[in-house]
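Subject: Structure for you to look at

Dear colleague,

Here is the structure I promised to pass on to you. Please open it first, and then read the notes that follow beside it.

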Amino acid sequence: MFHLLVIEDDPTIGATLESALRAAGYSVDWSRDGATGIESGRISEPDLVLLDVGLPDIDGLIVCREIRMLHPSAVIVLLTARREQIDIVAGLESGADDYLTKPFSLVELLARVRAHLRRSGPETAGSAGSTTLGSLSLNAAARRATVGGIEVQLRAREFDLLARLAREPGVAISREVIMADVWDENWFGSTKTLDVHVATLRRRLREAASAAGSDVIAALPEITTLRGHGYRLDGRGAA
Ligand code: CA
């Protein structure tokens, strides 16, 4: 059974989430402030965390970073009443995987939770296979990416994004297709999240390649931005 942690100070929203998620078959812990949420994250192994950004005691983004450090593979979904894009970017940079803007519908929330858990769950690992492109190797079964033998530390969504691009190297893939394949078909939010993930991915690949040496950097595939369309993964260093 998947274990979910809800960190939300609003009693109505918290109680609604708790009962709806339990009814959907998840085990749920509900923390009403940030300190309790971090403590609860410390003693349990949440598969997914629903985290309100506006908490009474600790900034939600600090809670997000704490939980991300405790559980690198947990899915963290921010619940935010703030619409400013800067907060969304800051949230994703704090380790969140996704966000929902309040007010959201329970149907939408449950669909999003299901999609995340399906993606991070063990059944996804069935799509085995390895891909090598220049100095980059992807192993879908192990969900590992290496550059010149150095492991690239990727979060679940970053790996999915890289694997999606690597499935069709040299092919232009539109933002809409990437969002549908890597996020989910009912994505209502801004596609800004895609650009943030691509930026992180580029940085992590470059860092791993730098650690591996200059010939590895030269053979590192590049994620090319196609203005007004999407992205393309280009191999380099091939004769
Ligand atoms: Ca709140």
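I would begin with Asp 52, which is buried, with a relative accessible area of 4%; please keep in mind throughout that this is a predicted model. Asp 9 sits in the loop between β1 (3-7) and α1 (11-23), while Asp 52 belongs to strand β3 (residues 48-52), so the pair ties together parts that are 43 residues apart in sequence. In contrast to the buried Asp 52, Asp 9 is partly exposed, with a relative accessible area of 32%.

When the whole structure is searched, 2 cavities of 30 Å³ or more are found, and the largest cavity holds about 80 Å³ of space. Its lining is made up of 11 residues, and those nearest the centre of this cavity are Val 53, Leu 78, Thr 80, Asp 87 and Ile 88. Two or more lining residues come from each of the elements β4 (75-80), α4 (85-93) and β5 (98-101), with α4 giving the most, namely 4 residues. Sorted by class, the lining of the largest cavity consists of 6 nonpolar, 2 polar and 3 charged residues.

The hairpin has 2 residues between the strands, and in it Gly 134 takes a positive phi near 60°.

Finally, I would draw your attention to Glu 158, a residue of helix α6 (residues 156-167). Is this charged residue, Glu 158, buried or exposed? Glu 158 is buried, with a relative accessible area of 1%, and, leaving aside residues up to four places away in sequence, Glu 158 touches Gln 153, His 197, Thr 200, Leu 201 and Arg 204.

With best wishes

Conventions: Residues are numbered from 1 along each chain as its sequence is written. This is a predicted model: local features need pLDDT of at least 70, side-chain atom pairs count only at pLDDT 80 or more; totals for chains, interfaces and linings use all residues. Side-chain values use heavy atoms; hydrogens and water are left out. Buried means under 20% relative accessible area, exposed over 50%, partly exposed in between (1.4 Å probe, protein chains only). On a 1 Å grid over the protein atoms alone, a cavity is a set of points where a 1.4 Å probe fits but cannot get out, and a pocket is an open set with protein on both sides within 12 Å along at least five of seven lines; lining residues have an atom within 4 Å of a point. Grid points are joined across faces, edges and corners, and a volume is the space filled by probe spheres set on the points. Ala, Val, Leu, Ile, Met, Phe, Trp, Tyr, Cys and Pro count as nonpolar, Asp, Glu, Lys and Arg as charged, and the others, Gly among them, as polar. Two strands pair if DSSP finds at least two bridges between them. Contact means heavy atoms within 4.5 Å.
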